[in-house]
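Keep the structure open beside the text.

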Amino acid sequence: MSDAGQAGSPLLDLESVSVEYPRKHFYAKPFRALSDIDLRIEAGQTLGLVGESGSGKTTLGRAVLGLVPVHEGRLIFDGKDITHATRRQRRSLSNDIQVVFQDPYTSLNPSMTIVEILSEPLRVQGMGKNESRMRVQEALDHVGMPADSAHRRPREFSGGQRQRIAIARALVMSPRLIVCDEAVSALDLSTQARVLDLLLQIQRDTGVSYLFISHDLDVVAHLSHRVAVMLKGAIVEEGPATQVTSSPQHPYSRKLLLASPVADPDRQQARRERYLALAAAEAG
C-alpha cells in the first residue's frame, strides 16, 4: 500500500515502552518481553507489526489494549497518557480502541445470535434495543454479510464470514483504532485477500487506524503505511511499508521476506536470489 500522505499528530504514540513478566521462581530476574519500544500510529493509517512467534508483537498489542501492564515508558492515545489507565478508564477507551483476534470462533459466544453478540457492548453503553440493532445491521452490511446474518449463530458461518463478523463487532463501537492480532493468519490465501481488501475499504470509509500484527511480511505489505519488524522484544527495523517490505535492511527482516509464501515461483526465486546476493555481499 502507498505510504503517501501527510503525517499529522499521532493517534497512538509508544514512548520507550517495556513489559516484564515475573519468573516462576521469585529469585529469578523477570523476563523482559518488550524492551524500549518507540512507535507511532497516525490517524487514518496502518502500522504493520511483523515478527515470528515469540518476538513480542502480541504482547505489544496486549499492552496497547491494557491487557498487560507496562513496566517502563508511556502509551499516549490522542494526546492522553493511558499507560496506567484504571479499569473504568479502559472501559471508556473501548469505544475508541477495539480488537480483532486470530480465531473469531472462540471469541464469538456459540449460544448467542450474531445480533445479540454485536449489540451487547452497545447495550452496556446504555444504547436502546432498537438503536443498537440498527447499528449492528449497518456494521454487518458494511462488512458484506447477508441480510439474515443477524439472527443466525456463529457455527452457521465459514471462517472468513466469522472474521467479517468479528470485524463488524469492532466497528459497531465506531473505534478510532483497531488492533488486528493475526486477524487473517487462520484463513486460506484467497479469503485472506478478500478480508484485507475489506479492511482497506473500511479504513477509506471511516478513517480508522490499524495496528496490524502478523508473522507474514507480504500480508503486512498489503495494507500498511509503515512497518515495524520485531525480534526478541525489540524493534530491529521500522520505516515506510514500500521500503521495509521490498528492500529490508536488517538480516532478520530479509529472512521474514524470504519466508513469506508467494504464488508466483519466478518471483519467489528472484526474491531468494536477491536475499542470497545481499547476504554474500555482507559476509564478504
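This is a predicted model: local features need pLDDT of at least 70, side-chain atom pairs count only at pLDDT 80 or more; totals for chains, interfaces and linings use all residues.

β1 covers residues 10–21 and runs antiparallel to β2, with eight bridges between them. Both belong to an open sheet of four strands, ordered β2-β1-β4-β5, with antiparallel pairing. At its edges are β2 (31–42) and β5 (80–81), each of which pairs on one side only. Helix α1, residues 57–64, packs on this sheet. The helix touches β1, β2 and β4 (72–77), and its direction makes about 115° with that of β1.

Look at α1 itself. Six of its eight residues are buried, so the helix is largely enclosed by the rest of the structure. The buried ones are Lys57, Thr59, Leu60, Gly61, Ala63 and Val64. After α1 comes Gly66, with a positive phi near 80°.

Now turn to the other sheet. Six strands make an open sheet in the order β6-β7-β8-β3-β9-β10, and the pairing is mixed. β6 (97–100) and β10 (234–240) are the edge strands; each has a single partner, so one side of each is left without a neighbour in the sheet. From one strand to the next, the twist averages 15°. β6 runs parallel to β7 (residues 177–181), and four bridges join them. Within that pairing, Ile97 stands opposite Leu177. Helix α7 (residues 189–206) packs on the sheet. It touches β3 (46–50) and β8 (209–214), at about 160° to the direction of β8. Helix α10, residues 251–259, lies across β3, β9 (226–231) and β10. Its angle to β9 is about 105°.

Take Phe212. Beyond its neighbours within four places in sequence, its contacts include Leu47, Leu49, Val184, Leu196, Leu199 and Leu223.

Charged side chains come next. Side chains of opposite charge can pair when their charged atoms come close. The count here is ten salt bridges. In one of them, Arg32 meets Glu20, with the closest N and O atoms 2.7 Å apart. This pair links β2 to β1, across twelve residues of sequence. Arg32 is partly exposed at 30% relative accessibility, and Glu20 is partly exposed at 23%.

Arg226 lies in β9 and Glu238 in β10, so the pair ties together parts twelve residues apart in sequence. A network also forms: salt bridges with shared partners join Glu15, Arg74 and Asp81. Within it, Asp81 and Arg74 meet at 3.7 Å, N to O. Asp81 is partly exposed, with a relative accessible area of 44%.

Finally, step back to the whole chain. It has eleven helices and ten strands. Of its 284 residues, 46% count as buried. The chain exposes about 14,300 Å², and carbon and sulfur atoms supply 50% of that.

How values were computed
Residues are numbered from 1 along each chain as its sequence is written. Side-chain values use heavy atoms; hydrogens and water are left out. Contact means heavy atoms within 4.5 Å. Helices (H or I, at least four residues) and strands (E, at least two) are DSSP runs, numbered from the N terminus. Buried means under 20% relative accessible area, exposed over 50%, partly exposed in between (1.4 Å probe, protein chains only). Accessible areas come from the Shrake-Rupley method with a 1.4 Å probe; for residues, only the protein chains shown count as cover. Two strands pair if DSSP finds at least two bridges between them. Axes are lines fitted to C-alpha atoms, for helices over the stretch in contact, and angles run from 0 to 180 degrees between N-to-C directions. A salt bridge is a side-chain nitrogen of Lys or Arg within 4 Å of a carboxyl oxygen of Asp or Glu.
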